[in-house]
Structure formats: C-alpha cells, structure tokens
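Dear colleague,

I am passing on the structure that we spoke about, and below it you will find what turned up when I went through it. Please keep it open beside you as you read.

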Amino acid sequence: MILSVLIIPVSAYLFYDSWFGLIPGVIVGGYFFGGWRKSYIVRRRRKLLNEFKELLMSVDAALYAGYSLENSFIESYKDLGSRFGERTEIMKKLRVINRKLSINEPVYKVLKEFADESELDEIREFAAVIEVVKTSGGNAISIIRDTVKSISERIEVENEISVIVAGKQLEQKIMTAMPFLIIAYLRLSMGGFMSSLYRDPTGRFFMSFILILILVADMIGRHVTDITV
C-alpha cells in the first residue's frame with residue numbers, strides 16, 4: 001500500500017510535471033496495488049501449501065509409528081512447532097484442528113473446514129480422501145499414506161515449476177520498471193530536452209500515451225507469466 005501511494009506523485013512528476021498528473025497517478029497506483037496484492041496472496045498460499053506438505057510428511061511419519069489419525073495431528077504439532085515456530089500459518093491452523101479434535105469433532109469435518117478456509121485444492125483433496133475413508137471403511141492407514149505421498153510429490157513438482165516461473169516474473173517486473181527509470185534519468189540529466197513534453201497539450205498527450213502503453217504491456221506480461229501449476 002505504501003509503494004502504491006508513493007508511485008502516485010512519482011508518476012505525476014515523471015509523466016506530467018504537474019499537480020494535474022496526480023489524477024492519472026491515482027489510476028497507476030491503484031493498478032499496481034491490485035497487482036501487488038494479488039502477488040502477495042499467491043505467495044502466502046504457496047507458503048501455506050509448502051507448510052501443509054510438511055504437515056503431511058509429519059502425519060505420515062506418525063501413522064507409520066502406530067498413532068491414530070487424530071493423534072498424528074497432535075504429534076505433528078509438536079514436530080512442526082520445533083521447526084517452524086508458533087506463529088506460522090500452519091501452526092495456527094493446527095491449533096484449531098487439535099482443539100476441535102479434542103472435543104470429538106470428526107476429523108474429516110475438521111479438515112474440510114480447513115480446506116474451505118485455505119481454498120487450496122490439495123487440502124480439499126486430502127480432506128475428501130479422509131471423509132471417504134472414515135465413512136466407508138477400508139484400509140485407512142494404507143490409503144491415507146498413499147494419498148500423502150501422492151499429494152507431496154505433486155507439491156514438489158509445482159514448486160519446481162514455480163521457481164522457473166518466478167524467474168520470468170522477475171524479468172517482467174524489471175521490464176515494467178525500466179521506462180520509469182529511463183524517464184527519470186532523462187529528466188535529471190537532460191531536463192531542458194524533456195521540458196517540451198510538459199509545456200503543451202501535444203506533449204502531455206504523448207506522455208499519457210506512453211504511460212498507457214507501459215500499463216498495457218505490464219498487464220500483458222502479468223497475464224503471460226501467470227501460469228497456474
């Protein structure tokens with residue numbers, strides 16, 4: 001939000017050199033705020049997904065050691081607490097899960113609520129498998145361990161793809177920032193050369209057109225690099 005507010009006067013100065021430029025500057029700031037907010041949400045979900053993968057591995061180890069599914073979450077809380085600390089997102093979720101399990105709420109119902117809150121398909125899939133196992137019977141431990149292995153491997157693949165995509169997204173952000181930096185350099189080093197662009201309507205129209213091109217190019221770049229894995 002701070003960056004979005006700062007970009008308003010910067011845009012007004014670079015493209016209009018006038019208080020009038022604050023009006024399109026607000027549009028520019030709002031646009032980048034929306035993009036940065038979306039990026040933050042994606043990073044937060046990715047972080048939770050990786051923490052969930054560690055939870056699955058810990059649950060799998062507890063099941064292998066002979067704990068029941070419900071008790072495996074208690075053991076996982078102890079295990080992950082020593083590694084992640086108490087303030088991470090997954091630890092907050094685990095505290096809620098264990099509190100609900102302690103009052104005998106069905107584990108599949110608790111996990112389904114967790115999945116709905118997180119809005120992650122992998123957690124929904126795990127919760128669905130647990131519900132089927134608990135309501136239909138069968139070799140619960142074997143099915144759950146196979147599901148844990150399958151989801152964990154998929155998350156690993158998604159992480160590898162995300163690393164590749166992150167590099168391209170960084171390049172796209174640099175390309176978007178370059179026009180701002182070039183205009184700033186020209187204004188500082190050759191202010192007289194640039195002054196004609198701010199004195200008459202033709203120059204301001206040209207700078208407005210350049211600003212629109214930058215935003216459109218950024219929009220296209222975000223769309224191209226927004227690869228869902």
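A residue is called buried if its relative accessible area is under 20%, exposed if over 50%, and partly exposed in between, taken with a 1.4 Å probe on protein chains only. The model is predicted, so local features need pLDDT of at least 70 and side-chain atom pairs count only at pLDDT 80 or more, while totals for chains, interfaces and linings use all residues. Residues are numbered from 1 along each chain as its sequence is written, and side-chain values use heavy atoms, with hydrogens and water left out.

By that cut-off, both Phe52 and Phe126 are buried, and Phe15 and Phe180 are buried as well.

Rings of Phe, Tyr and Trp (its six-membered ring) pair if their centres lie within 6.5 Å, and planes under 30 degrees apart count as stacked, over 60 as edge-to-face and the rest as tilted. The structure holds 7 aromatic pairs. One of them joins Phe15 and Phe180 edge-to-face, at 5.5 Å centre to centre and with 80° between the planes.

With kind regards
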